[in-house]
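Colleague: I'm new to reading protein models, and I'd like to learn how to go through one feature by feature. Could you walk me through this one?

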Amino acid sequence: MRLVIARCSVDYAGRLTAHLPSAPRLILVKADGSVSIHADDRAYKPLNWMSPPCTLKEEADVWTVVNKGGEKLIITMEEVLHDSSHELGVDPGLIKDGVEAHLQELLADRMETLGEGWSLIRREYPTAIGPVDILGRDSGGATVAIEIKRRGEIDGVEQLTRYLELLNRDPHLAPVQGVFAAQEIKPQARVLATDRGIHCVTLDYNALRGIEDDKLRLF
């Protein structure tokens with residue numbers, strides 16, 4: 001990961017246009033190719049960003065970041081206050097609580113509950129940005145990445161989106177579809193997932209354990 005603190009202005013050109021006037025900011029360049037610009041507030045949320053895959057071109061005092069859709073993030077550097085790089089290695093990923101871990105185990109053992117003919121490839125499928133909960137195949141043989149949460153919120157959809165962008169670069173797996181599975185899915189997360197072509201599944205923990213009806217509701 002590369003960390004740059006600089007006084008800079010930022011212009012985004014794509015589906016919309018946006019401008020950040022000159023100010024001191026933190027620029028993160030991650031190993032997956034993503035670039036994000038942060039202020040000293042707003043918690044974890046960046047002011048602007050470009051998701052991978054994208055390319056970064058540095059010329060004099062101008063950085064140009066271009067994604068696969070041709071959208072551009074232009075960072076005009078006025079003064080660089082700090083520039084360092086750090087090798088973080090492969091992250092082990094978030095350790096899920098007991099319910100999430102058990103949901104993953106149960107669903108991996110009962111892939112047919114997602115649809116007739118569905119099968120498991122692997123649990124905790126490793127990627128450069130963390131493990132995918134479940135990688136499987138649907139009845140047509142297409143690859144499916146499944147992210148499991150106890151409570152499905154927007155950050156979970158964003159996490160699955162990053163996995164899908166990475167997995168779809170692998171010609172042996174692509175095209176990879178996404179399934180966002182949780183005991184409860186927040187309305188905003190469902191809207192975002194649907195907009196990105198990700199299927200949402202509401203999981204019944206007791207049903208998966210065989211205590212009640214074993215059907216899932218696919219929306």
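Colleague: How many bridges join strand 5 to strand 6, and which way do the two strands run?

Modeller: This is a predicted model, and in it six bridges join strand 5 to strand 6 (residues 62-67). The two strands run antiparallel.

Colleague: What sits between strand 5 and strand 6 in the hairpin?

Modeller: There are two residues between these strands. Look for Ala60 in this hairpin, as it takes a positive phi near 50°.

Colleague: Which residue is the bridge partner of Leu26 in strand 3?

Modeller: That partner is His38. Strand 2 (residues 17-29) and strand 3 (residues 35-38) run antiparallel, and four bridges join them.

Colleague: Let's turn to helices. Are helix 2 and helix 3 roughly parallel or roughly antiparallel to each other?

Modeller: Begin with the angle: helix 2 (residues 154-167) and helix 3 (residues 187-195) pack at about 25°, and their axes are 8 Å apart. Angles under 35 degrees count as roughly parallel, and therefore helix 2 and helix 3 are roughly parallel to each other.

Colleague: Which residues meet where these helices touch?

Modeller: From helix 2 come Ile154, Val157 and Glu158, and they meet Gln188, Ala189, Leu192 and Ala193 of helix 3.

Colleague: Let's finish with a single residue. Is Thr161 buried or exposed?

Modeller: Thr161 lies in helix 2. Its relative accessibility is 13%, and because buried means under 20%, Thr161 counts as buried.

Colleague: What does Thr161 touch?

Modeller: Leaving aside residues up to four places away in sequence, Thr161 touches Arg196 and Ile198. With Arg196 there is a polar contact between the two side chains, at 3.0 Å.

Conventions
Residues are numbered from 1 along each chain as its sequence is written. This is a predicted model: local features need pLDDT of at least 70, side-chain atom pairs count only at pLDDT 80 or more; totals for chains, interfaces and linings use all residues. Side-chain values use heavy atoms; hydrogens and water are left out. Axes are lines fitted to C-alpha atoms, for helices over the stretch in contact, and angles run from 0 to 180 degrees between N-to-C directions. Angles under 35 degrees count as roughly parallel, over 145 as roughly antiparallel, 65 to 115 as roughly perpendicular and the rest as oblique. Contact means heavy atoms within 4.5 Å. Buried means under 20% relative accessible area, exposed over 50%, partly exposed in between (1.4 Å probe, protein chains only). A polar contact is a pair of N or O atoms within 3.5 Å; within protein, one must be able to donate a hydrogen and the other to accept it, and residues adjacent in sequence count only if both atoms are side-chain atoms. Two strands pair if DSSP finds at least two bridges between them.
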